[in-house]
There are 2 protein chains.
Amino acid sequence: MMLDEVIEQIQPLDQSAMQAARERQNMLTKPRGSLGRLEELSIQLAGITGRTIPTIQDKVIITMAGDHGVAAEGVSAFPQEVTPQMVLNFLRGGAAINVLARHVGARVVVVDMGAASEIQDASGKLVRRRAGSGTANMAKGPAMTREQATESIRSGIEIALAEIARGADILGTGDMGIGNTTPSAAIACVLMNQIPEKIAGRGTGIDDDGLKRKISAIARALDVNKPNAKDGLDVLAKVGGFEIGGLVGVMIGAASKRKPVMADGFISTAAAMIAVTLAPQCKDYLIAAHRSKENGHHWMLEWLGLKPLLDLDLRLGEGTGAALGISLAEAACKILAGMATFDEAGVSDKE
Amino acid sequence: MMLDEVIEQIQPLDQSAMQAARERQNMLTKPRGSLGRLEELSIQLAGITGRTIPTIQDKVIITMAGDHGVAAEGVSAFPQEVTPQMVLNFLRGGAAINVLARHVGARVVVVDMGAASEIQDASGKLVRRRAGSGTANMAKGPAMTREQATESIRSGIEIALAEIARGADILGTGDMGIGNTTPSAAIACVLMNQIPEKIAGRGTGIDDDGLKRKISAIARALDVNKPNAKDGLDVLAKVGGFEIGGLVGVMIGAASKRKPVMADGFISTAAAMIAVTLAPQCKDYLIAAHRSKENGHHWMLEWLGLKPLLDLDLRLGEGTGAALGISLAEAACKILAGMATFDEAGVSDKE
C-alpha cells in the first residue's frame, strides 16, 4: 500500500447530503438552530458519510502506545515503565479509557506502536505494530528514520481499514506514551512556527524544573533536526513518535473510507496537524472532542480550524475525551433520525 | 407539607465523603487531576449523596410545561398553541428531549404545571399539577397569586419526592412554555438587579422588533409589580411562571433528599435562582448542565456560582442540555467505581 494512493482516495464532503441534513434539521420540532453544535455536527457527519441521516452504532477507540527517547531528558513526571504497565491496564479494562468507552458503548483497540520493549500480553488482545523499540532521543538527533515514520502511518491506516471492515462507524483516537507531550509540542512548534515556551505544558504534571527541561529538550530537538514544516513525514520522523505516526494513519485511513474521526486531546491533535499537512482534505473528517488543559492545545486547534466539543479540563489522553465526544456525535445522529417533524407531530411552525 | 419544613431538611454536603472520594481519585491509575471537571463532579456527587463512590443508575428528567399571559405582548416567535402541541409530542416520544433521554438512558416525566387550557392526553402519562390556566400578563400585574406560587413549588417538591421514592438517583430539569424566556429574564433582572437589555435574548428566535417588545414587557413587569428581590416567592408570583415554580420545587425537593439536580438552560437557571433565594443551601446540590446561547445565561450562572459542563450553543430547553449533562455525571461516578488503583494495576505512581 502506497501512502499517496490512500491520500488520493480522500474525497470532499458530500454537499448534497449536508444540504439534505440541514433541511431536515429545519423540519424537526424545535426552533431552527436551537440544538446548536449538535445540529452542526449532524450536518458534518452527513457530509462525511454521504447519508442524510447518518448512523453511529459501532464505535471504536484506537489507543496507540509508544515510547520516547526524549524521556531520558527528564521531561515527564512518570517513569518510562508506566507505558507498558498502562497498556496492560488497558487490556485488563481498568483504565479511564476502558471505563469511559464502556459508558458510551465503544470498543477499545490497544496497539503497541513501539514501546521501549516488547509487552508481555497474556490476553492476546494487544495489536502489535511495533515500528521500533521506542524512538531515539530527538534532542540529540532524529526520533526515527523516514522509513519508520512511513511504516507507522501505514500501520495506522491498516488498523483503521480493518476496524472499518469490521463495521466501525466512527473511530476515536487515543494515546499512551510516557513523554509524548514533548514530541507533540515539538510538532506543533514546527508546523505553527512557534516557540516551545508557548506550546509546551506540564503533561502528566511536571514541576517548574521539569517544564524547563522539557522546553530545553524541544528547543534542542528543533535546532539539531531542523524539521521541514512543509514535509509532514520529515516532521514526524525528526520530532514525532511511533504512536503519533499511527494516529496520523488512523485519521488518513478513516477519511479515505468516509468515516469520521473523533480526535482526542494534545497528542491526537499533533497527529492531526501532521495528517492535514500530508493530506489537507483529511481535515473535514476530523472532529475535535475537547480542549485539553495542556498548554498550547487551544492554539493547535485554532491552527487546524477545529472547534472542540467539550471543555472539561481533561489532560489524560488515552482517548478519554474522544469517548465522551463520540457519545455527542451519536446523539447528533439520533436527533436527525429520531425526532418528529412539525408535520408529523402536528406542531405549528414559527409564526 | 410546609415549604419551610422541606427547606430545613437540606443538609450541607458530606465533607468526609468528599474527602474520601478525593483520596480515591488520587489513587486511580491516571495523573492526579487529569480528568479535570469529571473528578470535581465525582467529588461533588460524593458530597451530595454521602457516598464515597456514588452511583447513578435511575435517571429522570422532569419536563414541566406552563403558559404565560405575557405571550400576548408578542414576545415569542411561536404561537401559544405550541405549548400543548409540544407536550403531546413529548408524550409520544418525538421531541428532542425524548431522543436525548433515550440516548442517555433516562426517563422523562412530563408535567402540566399550568398550560392555557387542559391538555387532551390519550397516553395517560401526563402528570397534571395545574396551578392555573396560564399565568396572567405580568406586564400588567402579577403573573400569579402568592398562593399559586407556593402551590407550584409544592407540586414540584412532591413530584421530586415521588420520583426519588421510585428510585431516581439524579433529577434533570426541563421546561416547555411559549414565552417563558421572558419571565425567566425578568426573574434574573430582579435578583441580579440588572436591566432587561442585558439579560433578555431571542428565545426561540424572535426578530429585532420582537426583542424590543420583550424588553419592554419585562421593563413594564418590573415597574408595575416591583418584586422584592429578597423574597423568592414574591419574585416567582409577580414575574414567574407555573413551570418555573415547579422546577424550583424539584430542586428543593431533590436537595432535601440528598439527590443531585442537573439544571438545564435559561429557564431552569432562573428557577435555580429562586430556589437558592428561598434556600441558599440548595445550591450545592445543583449542577449546571450547559451554558445556553440565550443572552444573559452566562451572568445568571455566574451569579449562582455554577460553572456549566457543556457549551454547545444549545437554546432549546425541554431538559435537552440536562440529558447530556446527566451522562457526564454518570461517567464521573463510573470513573470512581470502575478504575483500577495504582496498587491494583501494578502501575508505578509519579516519581
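This is a predicted model: local features need pLDDT of at least 70, side-chain atom pairs count only at pLDDT 80 or more; totals for chains, interfaces and linings use all residues.

Biologist: How many salt bridges are counted between chain A and chain B?

Modeller: One salt bridge that joins the chains is between the side chains of Lys307(B) and Asp313(A), at 3.8 Å from N to O. A salt bridge is counted when such a nitrogen lies within 4 Å of a carboxyl oxygen, so this pair qualifies. The count between chain A and chain B is two salt bridges.

Biologist: Which element gives the most residues to the side of chain A that touches chain B?

Modeller: The contact involves 57 residues of chain A and 57 residues of chain B. On the side of chain A, the elements that give two or more residues are α3, α4, α5, α14 and α15 of chain A. With nine residues, the element that gives the most is α14(A).

Biologist: What area is buried between chain A and chain B?

Modeller: By class, the side of chain A that touches chain B has 26 nonpolar, 16 polar and 15 charged residues. There are also 22 residue pairs in polar contact between the two chains, counted where both residues have pLDDT 80 or more. Carbon and sulfur atoms give 62% of the buried area, and its total is about 4600 Å².

Biologist: Which strands form the edges of the sheet in chain B?

Modeller: The sheet of chain B is open and has six strands with parallel pairing, in the order β3-β2-β1-β4-β5-β6. An edge strand pairs on one side only, and in chain B this applies to β3 (127-128) and β6 (286-288).

Biologist: Which residue is the bridge partner of Lys59(B) in β2(B)?

Modeller: Strand β1 of chain B covers residues 59-66, and strand β2 of chain B covers residues 106-114. These two strands pair in the parallel sense over eight bridges. In β2(B), the partner of Lys59(B) is Ala106(B).

Biologist: What angle does the direction of helix α11 of chain B make with that of β4(B)?

Modeller: Helix α11 of chain B spans residues 242-256 and packs on the sheet. The strands of chain B that the helix touches are β1, β2, β4, β5 and β6. Its direction and that of β4(B) make an angle of about 175 degrees.

Biologist: Turning to chain A, which residue stands opposite Gly172(A) in β5(A)?

Modeller: Chain A also has an open sheet of six strands, ordered β3-β2-β1-β4-β5-β6 with parallel pairing. Within that sheet, strand β4 (residues 170-176) and strand β5 (residues 261-263) of chain A pair over two bridges. The residue opposite Gly172(A) is Met262(A).

Biologist: Which residue's backbone oxygen does the side chain of Gln148(B) reach?

Modeller: Gln148(B) is placed in helix α6 of chain B, residues 146-165. Apart from neighbours within four places in sequence, Gln148(B) is in contact with Ala131(B), Gly132(B) and Phe242(B). The backbone oxygen that its side chain reaches, at 2.8 Å, is that of Ala131(B).

Biologist: How many residues apart in sequence are the parts that the pair of Glu294(A) and Lys214(A) ties together?

Modeller: Over all chains the count is 40 salt bridges. One of them joins the side chains of Glu294(A) and Lys214(A), at 3.5 Å from N to O. Glu294(A) lies in the loop between β6 and α13 of chain A, whereas Lys214(A) is in helix α9 of chain A, so the parts that the pair ties together are apart in sequence by 80 residues.

Conventions: Residues are numbered from 1 along each chain as its sequence is written. Chains are lettered from A and ligands numbered from 1 in the order in which they are written. Side-chain values use heavy atoms; hydrogens and water are left out. Two strands pair if DSSP finds at least two bridges between them. Helices (H or I, at least four residues) and strands (E, at least two) are DSSP runs, numbered from the N terminus. Contact means heavy atoms within 4.5 Å. Axes are lines fitted to C-alpha atoms, for helices over the stretch in contact, and angles run from 0 to 180 degrees between N-to-C directions. Buried area is the accessible area (1.4 Å probe) that two parts lose on being put together, summed over both. A polar contact is a pair of N or O atoms within 3.5 Å; within protein, one must be able to donate a hydrogen and the other to accept it, and residues adjacent in sequence count only if both atoms are side-chain atoms. Ala, Val, Leu, Ile, Met, Phe, Trp, Tyr, Cys and Pro count as nonpolar, Asp, Glu, Lys and Arg as charged, and the others, Gly among them, as polar.
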